[in-house]
Amino acid sequence: MFPTSLRTPSRRVPASAAATAALLLTAALGTAAPAAAAPTTPVISEVYGGGGNSGAELRHDFVELGNPTDAAVALDGWSVQYLPAQPGSGTRVQVTELDGSVDAGGHYLVRQGQGSGGDTDLPTPDADGGTAMSARSGAVLLVQGTDPVACRTAAECAGEEGVADIVGYGDAVIHEGAPTAQLSNTTSAARDDAFTDTGDNAADLTVGDPTPVNAAGETVGDDPGGPVDPGDLRVHDIQGTTRTSPFTGRDVGGVPGVVTAVSAFGSAQGFWFQDPEGDGDPRTSEGLFVFTGSTTPDVAVGDAVLVEGRVAEYLPQADAHTITQLSGARWTVESSGNPLPGSVRLDADAVPETYAPDHGGDISDLDLAPDTYALDFWAAHEHMLVRVEDAPVIAATDPYSALWVTTDPGDDATVNGGTLYGSYDDPNSGRIKIESLLDRDTRPFPEANVGDTLTGVTEGPLYYSRFGGFVIRATTLGELAAGNLEREPVREAAPYETTIATYNVENLDGADDQATFDALARGIVEYLDSPDIIGLEEIQDDNGPVNDGTVDADLTLRRLTRAIHEQGGPRYAWRQIDPADGQDGGQPGGNIRNVFLFNPRHVRFVDTPGGDATTPVEVVEGRRGPELSVSPGRIAPQDEAWDSSRKPLVGQFRVRGRDLFVVTNHFNSKGGDQSLHGVVQPPERPSEVQRNAQARLVREFTDELLAMDPDANVVVMGDLNDFPFSPTLDILTGDGPLANPMADLPENERYNYVFDGNSQALDHILVNAALADRMDYQVVRINSEFHDQVSDHDPQVLWLDLRGGRR
């Protein structure tokens with residue numbers, strides 16, 4: 001039995017006769033309208049709210065999406081949202097979250113509420129909601145996001161961020177252009193086969209019989225047809241010699257191969273099959289993936305199959321590699337229990353050291369050179385069986401049951417067995433991610449730390465994910481051998497030393513569970529030795545992502561400081577400035593900010609009133625030298641460099657009778673930068689423009705302070721979100737008084753964060769010349785290399801000897 005069909009149902013005519021006449025009259029009376037812009041997102045292609053009502057055949061309401069673009073679009077993080085015809089300020093928006101993707105020219109079916117009538121089920125939906133839509137009038141919105149929309153009128157919704165498409169029907173006040181006609185228990189509103197969208201629901205959607213189609217191409221009453229006959233193409237023909245198939249968007253029939261793996265859970269189910277013969281061309285992959293949506297395919301590993309379907313290039317995100325796959329597929333199993341093709345062993349000899357061609361743009365259409373470039377090697381083996389043996393773990397198991405190993409253990413090895421990211425020119429080509437296709441109940445995914453080893457063979461088809469790039473979807477998992485990585489505490493401070501730490505505590509808010517506060521507190525007390533001053537990044541307001549106007553963080557800080565004291569630490573005091581609601585970026589509603597904790601028994605905070613969210617701190621002449629106009633204060637908080645970003649917090653401390661100026665920072669994130677594994681090579685880094693502007697403002701502030709007193713004690717620290725070799729760090733330290741003590745560590749210790757298998761440095765502590773010869777420094781490795789981390793950043797500690805410094 002074949003679960004899917006290639007047949008596309010006939011759709012109704014593009015518009016009603018009245019709408020067509022109106023359009024013709026408009027064209028006759030006015031000038032020609034400009035050509036519509038090329039579509040960039042999917043659209044709502046059909047809406048039906050009469051499911052299960054009196055006289056209805058279908059049991060469920062539904063919303064169907066169509067993709068008029070020329071590439072598949074990932075829908076992870078998108079939603080379909082419903083509002084009644086006349087919503088008010090208190091009306092609840094009903095949200096159905098989406099995942100998976102919609103192929104170019106393809107459909108995506110969202111099943112909604114079920115009525116008590118009807119006798120026909122929808123085809124297998126691609127997403128499932130429970131919204132009871134009105135049969136007559138309502139509004140459906142396609143949104144790039146999952147937060148409920150705030151809009152309640154057509155104009156508001158047209159301008160709301162994230163709204164990709166709107167369909168209003170009947171008497172709906174929310175619509176594009178004009179709403180389409182009123183619907184009934186037996187009628188829906190649908191676009192034409194081209195998913196035409198002129199911005200006018202009345203013109204673009206036509207009332208007629210419901211015709212739901214899912215991503216696999218199924219509709220109501222499809223006949224799966226007979227056996228699949230052999231075709232003229234083989235897998236390598238479909239894969240071609242570039243990253244995209246020469247047959248994209250075309251139906252292909254009877255492609256032979258042997259099933260090598262089955263994806264039986266999640267929203268991207270399907271199976272891999274591989275041609276055991278091949279063509280001998282190293283550029284052409286011999287494997288393909290058959291996408292079946294949320295339906296588990298009825299095949300087994302070792303089945304010899306003939307597969308027909310439509311060739312599609314699934315695009316996980318804008319700059320990613322596309323994944324060549326077959327959708328809307330049918331297949332015939334010709335025999336079972338066949339031997340599998342041999343897997344390709346991944347090691348230092350197989351994977352080229354050079355990562356990607358230095359093309360200066362999109363490499364998708366370049367002929368692959370798998371013997372020269374690592375990214376080309378991975379692309380040329382897409383969907384084929386590959387394996388690693390006795391693979392060193394270079395990134396700990398994450399919350400999504402994935403880890404990273406290296407095929408080249410000697411390449412840029414860190415002190416604990418990771419892989420150091422030391423320059424833009426060397427992204428470390430041997431990194432590969434491991435996920436599992438095995439049943440988690442019978443074969444749990446290993447909980448690994450950096451330095452562990454997956455012994456024996458780990459094998460499976462090579463896939464691609466927007467979260468990290470190429471990945472082995474393991475059908476065989478090696479056994480975990482522990483590398484005995486341990487957390488080690490810092491040394492005790494000498495009686496004359498003052499200790500300062502920086503610590504990104506990863507979106508800590510007052511509603512977090514107590515275990516999180518306790519784990520952070522243990523780290524601060526047991527491993528950081530309760531520093532005298534701590535600059536905290538990513539402190540959120542008291543209710544975190546609840547977006548209700550709360551900006552105060554006293555509850556968050558009370559819970560943290562109480563937990564520290566209960567773990568045996570000091571009674572820390574704190575200083576911070578509440579941001580203006582929604583102005584500092586980060587998680588929506590969280591009102592992220594920087595905070596100082598300090599031990600009042602060891603240091604004194606110099607309070608100078610007047611600091612708030614918008615008042616800039618200035619350097620002023622005081623009795624002993626430079627002072628701050630406000631303390632705590634923020635550096636140029638209204639400068640555009642800090643738009644939607646965390647503002648630096650500056651504080652003046654008195655330590656052993658001497659002034660100490662500390663700036664704690666959390667610069668603009670790398671969100672929006674192109675990925676190392678993407679198709680634009682070398683990748684562009686647009687986010688650093690804002691970080692560079694932020695670095696210049698901090699540099700100007702410290703230069704002004706040190707111009708007034710070159711011997712002042714200055715520490716600039718925090719999550720600068722950039723590397724030691726980046727322009728951002730060069731702005732802060734180049735040709736100036738600030739130095740980065742991380743540069744004095746052995747090269748294999750210069751990291752405090754692990755991302756996509758690369759050990760890298762994003763957090764830094766910078767000191768001026770007056771302190772450079774009177775300090776000690778350490779990265780405290782308690783998080784980034786461990787699977788049970790409480791934050792994704794490692795803290796750092798500075799020991800200062802302020803004796804003999806400026807009073």
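Modeller: A disulfide is a pair of cysteine sulfur atoms within 2.5 Å. This is a predicted model in which local features need pLDDT of at least 70 and side-chain atom pairs count only at pLDDT 80 or more, while totals for chains, interfaces and linings use all residues. Residues are numbered from 1 along each chain as its sequence is written, and side-chain values use heavy atoms, with hydrogens and water left out.

Colleague: How many disulfides does that rule give?

Modeller: The count is 1 disulfide. C151 and C157 form it, with their sulfur atoms 2.0 Å apart.

Colleague: Why is the disulfide called right-handed?

Modeller: The torsion about the S-S bond of C151 and C157 is about 90°, so the disulfide is right-handed.

Colleague: Is C151 buried or exposed?

Modeller: C151 is buried, at a relative accessible area of 1%, and C157 is buried, also with 1%. Buried means under 20% relative accessible area, exposed over 50%, and partly exposed in between (1.4 Å probe, protein chains only).

Colleague: Turning to the largest nonpolar core, which residues touch the most other members?

Modeller: They are W378, L403, V405, I432, F470 and I472, out of 41 residues in that core. A nonpolar core is a set of buried Ala, Val, Leu, Ile, Met, Phe, Trp, Tyr and Cys residues joined through side-chain atoms within 4.5 Å.

Colleague: And which element gives the most to this core?

Modeller: Helix α5 does, with 6 residues. Elements supplying at least two residues each include α5 (374-380), β20 (385-395) and β23 (453-465). Helices (H or I, at least four residues) and strands (E, at least two) are DSSP runs, numbered from the N terminus.

Colleague: What does I432 touch?

Modeller: Not counting residues up to four places away in sequence, the residues that I432 touches include W378, L403, F470 and I472. Contact means heavy atoms within 4.5 Å.

Colleague: New topic: why is β27 described as largely enclosed?

Modeller: In strand β27 (residues 533-539), 7 of the 7 residues are buried, so the strand is largely enclosed by the rest of the structure.

Colleague: Which strands pair with β27?

Modeller: Strand β26 (residues 497-508) pairs with β27 in the parallel sense over 6 bridges, and N504 stands opposite E537. Strand β29 (residues 593-598) runs antiparallel to β27, joined by 5 bridges, with G535 opposite F596. Two strands pair if DSSP finds at least two bridges between them.
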